[in-house]
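Trainee: I am new to this structure. Please take me through the terms and how each one is applied.

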Amino acid sequence: MSLQVKKLTVYYQTLRWVVRALEDATLTVADGEIMGLAGESGCGKSTLCNSLILLKPPMRLVRGSVTLDGEELPIGDMERMNEFRFKRISVIPQYAMNAMNPTRKIGKMTKELLESRKVDWKATLPELKRRLDLVKLSHDVLNMYPIELSGGMKQRMVMVLSTLTDPSLLIADEITSALDVSSQKAVAEMLVAFRSQGCCKSVIVITHDISILYQIANSIMIMYAGQLAEKASTEVIIHSPRHPYTKLLISSLPTVGVKYSERHLKGIPGSPPLLLNPPVGCRFRERCPVAFEKCIEEPPFVEIEKGHFVACWKEPAKNA
Amino acid sequence: MLKLDNISKVYKVGTFGGKELHAVSNVSFDVGDREVVSLIGESGSGKSTIGKMILRLISISAGTIVCNGVDVSTLKGAGLKEYYRSVQGVFQDPFSTYNPIFKADRIFTIIRDEFFPRISAPEWNDKLEKSLTDVGLNPEHVLDKFPHQLSGGQLQRFLLARALLLDVKFLVADEIISMLDASTRIDVLNLLADLKSRGLSILFITHDLSLAHYISERAVILYRGCVAEVGATEKIFGNPLHPYTQMLMASVPRLDKKWGQVEVELKAKQSGLTGGCVYEERCPVADTGCARDRPTLVEAECDHFVACIRYKDK
């Protein structure tokens, strides 16, 4: 078990309010697993991943524990986390396009970055070059400024940087969202190649594009309004989802081959609740087509089949 | 309705404007009444530039855009204002379109001051209410609010409602759903399709092929400012002839099947435009002839044109 998260709850603390962005997230990511994390904007997927690597104010850890390779991560302690950041757990940020220092050549910046983490630059250089080949970048980029690279190239460069120290866990936050379809495919496939070649052990891919996850992920977790809704293997989530939100989300995706004149796709009516004062019970209740009285209580996130977790009162009733 | 005839856009770049960048070169297509045409291309393919030229936001370097028999580039003053009554645009980012200091419905007040100065208040309110209901919003819920109090989907619909206030005939929709969430995305798309059935022509600019296929009758595939393929949507999607279109189709993430083993050639560094085919450096089937001559659009089948000299070989 590479990563284990238990009952992780993170709130955003402001002077007057508390935003309940993440409640009781419990999940495991196995070695070599690529887990996709999907949901609408504001559903807490970035909060979950940021709390694993950089839990800074206004984020506040309420409860929960995180274990990486059997070792407890001190996620609430900014100083002690420095031991783990970049070396054991690494992130490709959402703003990867602007993640590099514009005033340094990329090679020099990489050198400074490695030295700050006390990694030997000379010894790493051959490996760095090998990985540049892997993402099809020429070695000349080390002598270039970030501005000379296109968006897709910067994204690939940051991918190489983030995985240089062979982290156990890599978090890829919306890495394909800003790219066009062809570079999207290339970047996604490179991510899989990185995992297969052991540049990182397990990967969490955050995205709102479920069709990308279907291509690369081993398992998918769906979040809604700060809570986990469903987790299962990719095939199960796409072809036989159980949570009503997952069902609606997947049926609303237009795929090549569907035409408006032939088939009307439907969106999900309503909008997600504000997390300042979330509704009690199931947070999807108000938009849910199958909600009933029991939904006023919060549904537990239970395993209904092996590896298939759902938080819905309609489901676990059978084997409760 | 709208006809683009050999339009080009050349930007002067470099320190003293000594170099030229061909953003759009010799693009021709037309959009009929009640027709949705998708303009598909990667970033940097010039698709937004075409949209901006239609809206007269930037000048045209060569060629003409004719709207209902009138050359758009000659319009001035009152004529231009009349043009904007019937042609409007909606853009990608609904969040930065609004001034955060003012309430969101200020965009409607501006339209009223500019285009309907003589209309009475009750008449205006009826008109406004009607156009908001048309885009699926409840006027009571959304009026008198600041932009941050509305969701992205609501803001985007506001912009559509604003366009509808002026009796528009032609809408340039530039990536209008790429910033929205999956669950609200399809609603805005369905809304566009409804508007079409009410007699609106739409130029739907996108890089998402599945959305284009869902909504449009005809599609134009652009690559680096040149048309690669144009024709009826089913024909392009069912039988892509240009190697670039084939590569795009193979890269679309789908829910019903996994990516095949199609190698994606990544975009090479933008080099100077040579005389040959613009796609030559990435093309898997290019031969020496491709570097020499720029291919022209040829009719491969009825209502399906392709700009590739080797399409017959495959």
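Mentor: Start with exposure. Buried means under 20% relative accessible area, exposed means over 50%, and partly exposed lies in between (1.4 Å probe, protein chains only). This is a predicted model: local features need pLDDT of at least 70, side-chain atom pairs count only at pLDDT 80 or more, and totals for chains, interfaces and linings use all residues. Residues are numbered from 1 along each chain as its sequence is written, chains are lettered from A and ligands numbered from 1 in the order in which they are written, and side-chain values use heavy atoms, with hydrogens and water left out.

Trainee: Why is R242(A) called partly exposed?

Mentor: R242(A) has a relative accessible area of 21%. Buried needs under 20% and exposed needs over 50%. R242(A) therefore counts as partly exposed.

Trainee: What makes R242(A) and E305(A) a salt bridge?

Mentor: A salt bridge is a side-chain nitrogen of Lys or Arg within 4 Å of a carboxyl oxygen of Asp or Glu. The side chains of R242(A) and E305(A) meet at 3.3 Å, N to O. So the pair meets the rule. The two residues are 63 apart in the chain. R242(A) sits in the loop between helix 8 (234-239) and helix 9 (244-251) of chain A, and E305(A) in strand 11 (residues 302-305). Helices (H or I, at least four residues) and strands (E, at least two) are DSSP runs, numbered from the N terminus. E305(A) is partly exposed, at 45% relative accessible area.

Trainee: What makes D24(A) and R63(A) a salt bridge?

Mentor: Their N to O distance is 3.2 Å. The limit is 4 Å, so the pair counts. It links strand 2 (residues 18-29) with strand 4 (residues 59-68) of chain A, across 39 residues. Both ends are partly exposed: D24(A) at 26%, R63(A) at 38%.

Trainee: How many salt bridges are there over all chains?

Mentor: By this rule the count is 27. One is in chain B: K103(B) and D144(B), with the closest N and O atoms 3.1 Å apart. K103(B) lies in the loop between strand 6 (87-90) and helix 3 (106-115), and D144(B) in the loop between helix 5 (139-142) and helix 6 (152-165), 41 residues apart. K103(B) is partly exposed at 31%.

Trainee: Why is D144(B) called exposed?

Mentor: Its relative accessible area is 54%. That is over 50%, so D144(B) is exposed. D144(B) also has a positive phi of about 65°, although it is not a glycine. Most residues other than glycine have a negative phi, and most peptide bonds are trans.

Trainee: Which other residue has a positive phi without being glycine?

Mentor: R56(B), with phi near 65°. R56(B) is in the loop between helix 1 (47-54) and strand 4 (62-67) of chain B. Its relative accessible area is 27%, so R56(B) is partly exposed. As for peptide bonds, the one from P57(A) to P58(A) is cis, with omega near 5°.

Trainee: What lies 2.7 Å from a polar atom of the R195(A) side chain?

Mentor: The backbone oxygen of G32(A). R195(A) itself is in helix 6 (residues 181-196) of chain A.

Trainee: How many residues does each chain bring to the contact between A and B?

Mentor: Chain B gives 40 and chain A gives 46. Contact means heavy atoms within 4.5 Å. The two chains bury about 3800 Å² between them, 60% of it on carbon and sulfur atoms. Buried area is the accessible area (1.4 Å probe) that two parts lose on being put together, summed over both.

Trainee: How many salt bridges are counted between chain B and chain A?

Mentor: The count is 0. Helix 7 of chain B supplies the largest share of the side that touches chain A, 8 residues.

Note on methods:
Polar contact = N/O pair within 3.5 Å; in protein donor to acceptor, adjacent residues only side chain to side chain.
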